[in-house]
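Please open the structure in a viewer and keep the selection panel at hand. The stops below are to be taken in order.

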Amino acid sequence: MSLQSIKYSRGSLEILDQLLLPGQSKYVVVRGVEDGWKVINKMQVRGAPAIAIVGCLSLAVEVNPEEFGSKKLLRQEIEGKLNYLVSARPTAVNMKIAADELITLANELDKNETIDVAEMKQRFLSATEAMLKKDIADNRAIGAHGANAILQRVTEAGGSSAGSAGSVRVLTHCNTGSLATAGFGTALGVVRQLGELGKLEHVYCTETRPYNQGARLTAYELVHEKFPATLVLDSMVAALLRAKNVAAVVVGADRVAANGDTANKIGTYQIAVVAKHHDVPFYVAAPLTSIDLAIPSGDHIIIEERPDREMTHVGEHRIAAPGINCWNPAFDVTPASLITGIITERGVFKPVELKAAITKLL
Ligand SMILES: CSC[C@@H](O)[C@@H](O)C(=O)COP(=O)(O)O
């Protein structure tokens, strides 16, 4: 059983094939950008931060053995291939932000007359490799901020949604853990942190149809951690919030717009509506690399539509009546008005404060 979604050392990249989990732990070798694009598009690796890291590292393994005749040629290679990788999946912004940062770096290195092409390549590789460590550090910080926010809110609300010794029950959706990131996780990092603090009474995870990231991947991580955890179907959330004294919902994000509207796995929006109805705080946990200040609202987010087969089949087995039409958006947009707080590595912000706070930080 492995929770390491990305194995990298200079010149070598492997990803844990998430289509096969939890039945099989099998790593797939990614030899370059073409492989990187395919494993992202087929969702063998998925989760917004992991997509960006694998995309950029796939370019690093391709560039590593190559000799470039000039810095201009290296810059063109970096720019062209990163823009291609962005096209593998459209909704999560992390790959686009990473690509823009690395293209800016390549332009600066190209203009810097004090370095040669070999040095430029080394600096590009180091910048790409730094993403792995940074993602884990960011996730740890998200976990700490998120756990504090949830526990503080429970205390402020008089502790009625707390269990024994102030511990809490939380609900999460999709998979936002070690498998979706370089390690630890975002929303699942918050859950992990509550667990590490001894404050996690129970975690509920949704099945997350149709790809079943909750049932296959989050459940796998929770069992591995030996956390008190229960799987529920997506259609059970209203009943769960009515019955189980859940203190908070915490989910991840694929793209957060400047006003706080958040694209995340399909089903997130309806959970937020149900949470509002039951007066349960609803948190989005995401690194700054998931926040897209360039778009004013969620109306500007492109929602990826996936093949019908993901709905009509479970593995090789057909479950839907042949001939039926399908609509399979992979994500939905939760309006900012339903979001209590956006948990980042730099603190927790109300959606209305987000743009000003992030602009100041950056
Ligand atoms: C830390 S992962 C955050 C999001 O990417 C996650 O919640 C999600 O929606 C994943 O969707 P997926 O289609 O599995 O890539």
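The peptide bond that joins arginine 209 to proline 210 is cis, with omega about 0°. The model is a predicted one, in which local features need pLDDT of at least 70 and side-chain atom pairs count only at pLDDT 80 or more, while totals for chains, interfaces and linings use all residues. Residues are numbered from 1 along each chain as its sequence is written, and side-chain values use heavy atoms, with hydrogens and water left out.

Next, select proline 22, in the loop between β2 (12-16) and β3 (27-29). A cis peptide bond, with omega about 0°, joins leucine 21 and proline 22.

Methionine 43 is not a glycine, yet its phi is positive, at about 65°.

Now select the ligand and the residues around it. Which residues come nearest to the ligand? Among the 18 residues around it, they are Arg46, Gln213, Asp254, Asn264 and Lys265; a residue is counted as near if one of its heavy atoms lies within 4 Å of the molecule.

- Arginine 46: a polar side-chain atom lies 2.8 Å from an oxygen atom of the ligand.
- Alanine 48: a polar backbone atom is 2.9 Å from an oxygen atom of the ligand.
- Aspartate 254: an N or O atom in the side chain is 2.7 Å from an oxygen atom of the ligand.

On its own the ligand has 410 Å² of accessible area, of which the protein covers 99% (Shrake-Rupley method, 1.4 Å probe). The space taken by the ligand is the largest cavity, a cavity being a set of points, on a 1 Å grid over the protein atoms alone, where a 1.4 Å probe fits but cannot get out.

Finally, colour the shell around the ligand by element: α2 (48-63) and β9 (262-265) are those that give two or more residues to it. Domain 1 (6-133) and domain 2 (144-361) each supply at least three residues to this shell, the domain bounds coming from an automatic or database domain assignment.

Key: Polar contact = N/O pair within 3.5 Å; in protein donor to acceptor, adjacent residues only side chain to side chain. 1 Å grid on protein atoms, 1.4 Å probe; cavity = no way out; pocket = protein on both sides within 12 Å on 5 of 7 lines; lining within 4 Å. Sits in = over half its atoms within 2 Å of the grid points. Helix = DSSP H or I, 4+ residues; strand = E, 2+ residues; numbered from the N terminus.
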